[in-house]
Amino acid sequence: MRSLLGRGARTVASEAMHVVRRLVPGRPGTARVIYYHRIDDEQHRSCVAPRAFAEQMAFLRGEGFNVMPLAAMRAHLDEHRPFPERTVVVTFDDGFADNYDAAFPILARHDVPATIFLAAGFIGGDDLPVLRDRSGIRPMTWEQVREMARHGVAFGAHTLTHRSLTTLSPDDLRQEIEGSRDLVAERVGAPVETFCYPRGHFDERVNQATRDAGFRIAVTTQPGCVTPDTHPFSLRRTFVARDDSLHDFARKLDGSFDLLHAARQRLGGGAPAPSYD
Ligand SMILES: [Zn+2]
């Protein structure tokens with residue numbers, strides 16, 4: 001009975017993939033950076049269920065997407081070189097423990113390169129207080145960070161305390177950016193090349209401070225794709241939500257949700273994930 005059910009589920013999944021395959025041509029020469037927060041069964045908009053996440057990673061691999069490490073995008077941007085067809089980059093924000101418990105085995109199984117941006121001051125503690133509507137969620141430990149790094153997961157900086165950078169004094173701005181760079185580099189034992197603006201808030205001053213700190217790429221929460229002419233410190237990303245079906249996921253990769261996300265962001269004056277980012 002179990003195997004019959006399993007086979008049935010696989011057939012449905014395979015038919016679903018067949019249907020969505022035709023919907024994912026993507027814009028030629030562009031790449032899409034997707035981002036997650038938690039991978040967990042909790043009923044929260046920014047918690048993608050482990051089962052759905054596994055399905056999404058299997059979809060990327062099964063459908064032949066070019067899954068690229070984030071840092072590898074820089075060469076394309078420097079040379080204004082088009083990205084290979086269907087290029088996707090996988091990222092996570094903040095450094096929740098479930099990224100290790102739930103996401104890491106799935107990433108490893110499907111050999112998907114990923115970058116996790118750490119709110120570095122909270123790593124190894126009891127709480128990762130970056131959400132607007134949820135508290136008491138554990139961050140990963142530095143030992144978990146190192147284990148993932150040994151297995152090819154890349155780590156980027158996401159400040160020390162997750163404060164909105166646009167309102168900080170010059171000293172605080174430098175401390176948040178360079179402090180997180182140094183802490184992650186020291187704990188991982190490798191230079192940190194990528195940065196993520198908390199809540200997607202950045203302006204020219206923040207952008208410059210990030211460049212001055214020696215990062216090579218910075219990502220935002222502005223929706224859309226990355227073109228060969230995108231500024232390396234203003235990369236757009238696409239949010240994957242808990243209630244996304246595989247069909248929704250495929251359409252997000254295709255850019256079908258970009259206009260909706262942009263409209264919602266303008267109306268809300270913030271990130272496409274209103275509860276946290
Ligand atoms: Zn964040």
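Strand 1 (residues 31-36) and strand 5 run parallel and are joined by 6 bridges, where strands are DSSP runs (E) of at least two residues, numbered from the N terminus, and two strands count as paired if DSSP finds at least two bridges between them. Within strand 5, T91 is the residue that stands opposite Y35. The structure is a predicted model, in which local features need pLDDT of at least 70, side-chain atom pairs count only at pLDDT 80 or more, and totals for chains, interfaces and linings use all residues. Residues are numbered from 1 along each chain as its sequence is written.

Strand 5 also pairs in the parallel sense with strand 4 (residues 66-67) over 2 bridges, and V88 in strand 5 is the bridge partner of V67. A further 5 bridges join strand 5 to strand 6 (residues 114-118), again in parallel, with D94 opposite L118 of strand 6. Of the 8 residues of strand 5 (residues 87-94), 7 are buried, so this strand is largely enclosed by the rest of the structure; a residue is buried if 20 or more other C-beta atoms, placed from the backbone, lie within 10 Å of its own.

Beyond its neighbours within four places in sequence, F155 is in contact (C-beta atoms, placed from the backbone, within 7 Å) with residues including I116, L118 and V145.

How values were computed: Two residues are in contact if their C-beta atoms, placed from the backbone, lie within 7 Å. A residue is buried if 20 or more other C-beta atoms lie within 10 Å of its own, exposed if 12 or fewer, and partly exposed in between; C-beta atoms are placed from the backbone. Helices (H or I, at least four residues) and strands (E, at least two) are DSSP runs, numbered from the N terminus.
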